[in-house]
Amino acid sequence: MTTVSGIQVLLPIKPPGTAKSRLAGVLDASQRSGLATAMAQDVIAQLVLHPLVTRINLLSDHPGAATLARVPKVRLVSENLLLQRDDGLAANPSAAVPEASDRARPDRSRPDRSRPDRSRPDHNLNALLAAACRQLVQEHPVDDSLILVLHADLPLLTAADIDAAVDCYREQQGMVVATDSAGTGTNLLLFSPGLEPRFCFGPGSREAHVRWAQKRNLPVQVLCRPGLALDIDTSDDLDCLLQMAPASVGEYTRHWLTAAGFVQQPRTNTFTLRNAR
Ligand SMILES: Nc1nc2c(ncn2[C@@H]2O[C@H](COP(=O)(O)OP(=O)(O)OP(=O)(O)O)[C@@H](O)[C@H]2O)c(=O)[nH]1
Ligand SMILES: O=C(O)[C@H](O)COP(=O)(O)O
């Protein structure tokens with residue numbers, strides 16, 4: 001079993017207007033924004049309290065993100081500035097890489113296949129996360145903290161979910177991948193900073209992340225837990241959330257649902273991991 005000394009979180013949050021577009025049939029723009037913010041507040045609240053989490057890097061140009069960042073451990077990182085800075089780094093690698101470093105670094109004089117093609121819209125998140133990882137490694141070249149990539153739309157998330165991911169990592173290292181409820185997406189990745197994974201968010205991301213690790217003979221473990229699986233993207237997800245016991249839903253989301261006129265009608269055994277292996 002390896003020791004985990006700390007965790008740096010990368011928490012991306014889309015700007016309003018683009019977030020939660022698949023809920024457009026059931027929520028208006030202001031409701032979509034309100035729900036996304038409430039879920040992010042719940043995720044941040046769980047992370048802030050977790051003893052291993054040393055910093056939560058909020059990757060966002062959302063105008064409301066500054067308010068979300070007014071919490072201990074949270075640092076707001078502008079998405080645009082980060083990507084611009086990362087582009088500058090790609091153009092002039094020696095400028096930003098410190099001379100003395102104990103950590104082995106990738107050879108930036110060769111084409112960097114970890115840089116996704118930003119001309120494809122579904123790759124914005126991947127480019128953003130890759131840039132954020134590079135920034136963390138530059139800032140803390142000898143820091144042993146793990147990197148946790150987490151989605152901000154997980155209203156059932158608890159500290160026990162983070163513990164479960166850390167326990168998986170402690171057993172085998174490599175990479176931990178948590179699936180969405182369909183068993184096809186990825187809602188969490190946990191890995192060491194030296195790994196520099198290729199982010200594959202988008203359709204079929206769970207399989208793509210697992211395949212990336214397997215090709216490199218890295219241990220990879222897939223976690224299926226309701227707190228990590230129920231991301232609220234569609235009206236079916238919202239229905240599922242409304243059927244959960246109120247006490248299992250994060251406080252901010254619960255209050256938002258009530259204020260927006262939704263009635264939680266808990267049923268037993270309503271949450272299943274569809275398809276999850
Ligand atoms: N900063 C930032 N965050 C993103 C981006 N794309 C996705 N995210 C965040 O990543 C997590 C998962 O996002 P998705 O479920 O793919 O996107 P979504 O907001 O639900 O939006 P739709 O796909 O439009 O329904 C959420 O926390 C998003 O806010 C991006 O381009 N920039
Ligand atoms: O795998 C992914 O890309 C993430 O889980 C996002 O999936 P979603 O768009 O279904 O939230």
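Two residues are in contact if their C-beta atoms, placed from the backbone, lie within 7 Å. Among contacts in the chain between residues at least 6 apart in sequence, 68% join residues at least 24 apart. This is a predicted model, in which local features need pLDDT of at least 70 and side-chain atom pairs count only at pLDDT 80 or more, while totals for chains, interfaces and linings use all residues. Residues are numbered from 1 along each chain as its sequence is written, and chains are lettered from A and ligands numbered from 1 in the order in which they are written.

**The whole chain**

Begin with a cartoon view, in which the secondary structure comes to 10 helices and 7 strands. Helices (H or I, at least four residues) and strands (E, at least two) are DSSP runs, numbered from the N terminus. Of the 277 residues, 38% count as buried. A residue is buried if 20 or more other C-beta atoms lie within 10 Å of its own, exposed if 12 or fewer, and partly exposed in between, with C-beta atoms placed from the backbone.

**Ligand 1**

Select ligand 1 next. The shell around ligand 1 has 18 residues, and the closest are Pro12, Lys14, Ser21, Asn124 and Ala152. A residue is near a molecule if its C-beta atom, placed from the backbone, lies within 6 Å of it. By class, this shell holds 7 nonpolar, 4 polar and 7 charged residues. Ala, Val, Leu, Ile, Met, Phe, Trp, Tyr, Cys and Pro count as nonpolar, Asp, Glu, Lys and Arg as charged, and the others, Gly among them, as polar.

Which helix supplies the largest share of the shell around ligand 1? Helix α5 (residues 124–139) does, with 3 residues. Select α5: its buried residues include Leu125, Leu128, Leu129, Arg134 and Val137. The end C-alpha atoms of α5 are 22 Å apart, which agrees with the 22 Å that its 16 residues should span at 1.5 Å a residue; the expected span is 1.5 Å times one less than the number of residues.

**Ligand 2**

Move to ligand 2, which is surrounded by Asp180, Gly185, Thr186, Asn187, Phe201, Gly202, Ser205, Asp231 and Asp233. These residues divide into 1 nonpolar, 5 polar and 3 charged.

Centre the view on Asp180, in the loop between β5 (175–179) and β6 (186–191). Is Asp180 buried or exposed? Asp180 is buried, because 25 other C-beta atoms lie within 10 Å. Beyond its neighbours within four places in sequence, Asp180 is in contact with Gly185, Asn187, Ala229 and Asp231. Asp180 and Ile232 are 52 residues apart in sequence, and their C-alpha atoms are 9.8 Å apart.

**Helices α1 and α10**

Select α1 (residues 29–49) and α10 (residues 251–259), which pack at an angle of about 155° with their axes 7 Å apart. Axes are lines fitted to C-alpha atoms, for helices over the stretch in contact, and angles run from 0 to 180 degrees between N-to-C directions. The two helices are therefore roughly antiparallel to each other, a term for angles over 145 degrees. Show side chains for Gly34, Leu35, Ala38, Met39, Gln41 and Asp42 in α1, which meet Glu251, Tyr252, Thr253 and Trp256 in α10. This contact has 5 nonpolar, 3 polar and 2 charged residues.

**Two positive phi angles**

Most residues other than glycine have a negative phi. Select Lys20, which has a positive phi of about 60° although it is not a glycine. Lys20 is found in the loop between β1 (7–12) and α1, and is buried, with 22 other C-beta atoms within 10 Å. Then select Asn217, whose phi is positive and near 55°. Asn217 belongs to the loop between α7 (205–215) and β7 (220–223); Asn217 is exposed, with 8 other C-beta atoms within 10 Å.

Ile7 is placed in strand β1 and counts as buried, with 23 C-beta neighbours inside 10 Å. Apart from its neighbours within four places in sequence, Ile7 is in contact with Leu52, Val53, Thr54, Ser145, Leu146 and Leu148.

Finish at His62, in the loop between β2 (53–59) and α2. His62 is buried, with 24 other C-beta atoms within 10 Å. Not counting residues up to four places away in sequence, His62 touches Ile13, Pro15 and Pro16. The C-alpha atoms of His62 and Glu79, 17 residues apart along the chain, are separated by 9.1 Å.

Definitions and conventions: Angles under 35 degrees count as roughly parallel, over 145 as roughly antiparallel, 65 to 115 as roughly perpendicular and the rest as oblique.
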